[in-house]
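Please examine the model shown here and consider on what grounds its features are named.

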Amino acid sequence: MANERRTFFIETFGCQMNDHDSEIMAQLLTGSYRPVLNVNDADIVLVNTCSIREKAEQKAMSLLGCLKIIKKDKPHMVIGIVGCVAQQEGKKILSRLPYVDLVMGTQNLYNLPALLGEIIHNHKRIAAVEQSAAFEIPPYLPEVDKGSVHKRFVTIMQGCNNFCTYCVVPFTRGREISRKFKDIIAEVRHLAAHGVREITLLGQNVNSYGRDLKSGQTGFAELLRAAAEVEGLKRLRFTTSNPRDLNDELIQCFADLDILCPHFHLPVQSGANSILKRMNRKYSIETYLDLVRRLRAARPDIAITTDIIVGFPGESEDDFQATMNLVANVRYHGAYSFKYSDRPQARSTAFTGKLSEEVKGERLARLQKRIGQIVMARNQEYTGKNYEVMVEGRNKSRPDQWFGRTASNHIVNFTGAKSLQAGQIIDVKVIEACQHSLRGILR
Ligand code: SF4
């Protein structure tokens, strides 16, 4: 089969980092292969996996089970498992899953076309999972048809040095590697010149950007300030941050840079100091609350969201109550909460004091109920006021309704417009708060 007739499909599990990696892989392949929307039509299927939570890993494994069946009728189909599970399990996957042709780790993303070429033309099965401290994220200028996309991610670093005890990222993504400042700004300029209006700078722990670069290089606050200067850009965001690495320079950016959106995702994970210590988070609740206070002083309209793990080994009912109290105290604009699960390689897997699924489930339900009430009350604070909304699109089932996002990252469904472009910024009056969004009318 000639290359140009081959098709590919990428399924992504997990976080925004994985979504962006899949975008890059699609770009790398599009010159030689054709993307399809249905896995059954694909000659090459890549499963981009996440190992942070057990559920995402189980979903990926279940898809691989389906692919095994499809491949029986389509033996030429190339199946690749990429991302964190590939990194974690390595070569073992090739012997365990004989229908898998490619196992590609997190530092091998940009080698994908060459690896696929080897598999297709030389009929090899390949595991490319080596990691090196000398790895550099290469310069990358994605092809974008002018005006075709209004928002994009830009990778600024990969990996993490923090070793939170429940987390596999330092093993699957490796240690922190910052991308070169000039390459990042070149990509931001390139995207803005092609009509992209909003950029999200992406890394596992963006606050520590630049620490591994040679002296004379810059930190994350300087990077934000340089990106904010890029002509044509309207909104700048970033994700994700560990509170221990949040410094004054970054907080000051929220006071100084209008283009920096007033939204901060600041994962707290637990409201109890004893649990934070077992998690190796290296901050206390008092320090965390002080950061929240300083962020709000710098930017009073900032929306703060978080991640919380419920039922970490050793979590007592009092520890859990401390988390409930923290949530009520901070009054988050949004929170993702999860039950703790053991992950391979994570230190907490060997911890004592594991809680039953029943206790974890009951606590999670209580927490999510409380979070739901707080988020709803927060959303109600937006009603009756006007906000700038960046248009994302038109509602398919209700053509009179459009949707977009406020700078604070709230989804707004609104009416009153006939013709709008994605990426356009318009004024909307919020008239109603819903649990997961706001409703408004064009002003
Ligand atoms: S800061 Fe902690 S939770 Fe976040 S990626 Fe690093 S080790 Fe994982």
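The questions and answers below set values against their definitions.

Q: How do you know which features of this predicted model may be discussed, and how are residues numbered?
A: This is a predicted model, in which local features need pLDDT of at least 70 and side-chain atom pairs count only at pLDDT 80 or more, while totals for chains, interfaces and linings use all residues. Residues are numbered from 1 along each chain as its sequence is written.

Q: What makes the radius of gyration of the protein chain agree with that of a compact globule?
A: The radius of gyration is taken over C-alpha atoms, and the globule rule is 2.2 Å times the number of residues to the power 0.38. For 443 residues a compact globule would have a value near 22 Å, and the protein chain has 23 Å, which agrees. Its C-alpha atoms fill a box of roughly 60 × 60 × 50 Å along the principal axes.

Q: Why is G14 called buried?
A: A residue is buried if 20 or more other C-beta atoms lie within 10 Å of its own, exposed if 12 or fewer, and partly exposed in between, with C-beta atoms placed from the backbone. G14 has 22 other C-beta atoms within 10 Å and is therefore buried. G14 is found in the loop between strand 1 (7–12) and helix 1 (16–30); helices (H or I, at least four residues) and strands (E, at least two) are DSSP runs, numbered from the N terminus. Buried residues make up 40% of the 443 residues in the protein chain.

Q: What makes residues part of the largest nonpolar core, and where does this core lie?
A: A nonpolar core is a set of buried Ala, Val, Leu, Ile, Met, Phe, Trp, Tyr and Cys residues joined through C-beta atoms within 7 Å. The largest has 98 residues, and I81, V103 and I156 have the most contacts inside it. Domain 1 (3–128) and domain 2 (134–261) both give residues to this core, so it lies between them; domain bounds come from an automatic or database domain assignment. Another core, of 11 residues, lies apart from it and includes Y387, V391, F414 and V430.

Q: Which residues is V103 in contact with, leaving aside its neighbours within four places in sequence?
A: Two residues are in contact if their C-beta atoms, placed from the backbone, lie within 7 Å. On that basis V103 is in contact with I81, A86, G90, K91, I93, L94, A127 and V129.
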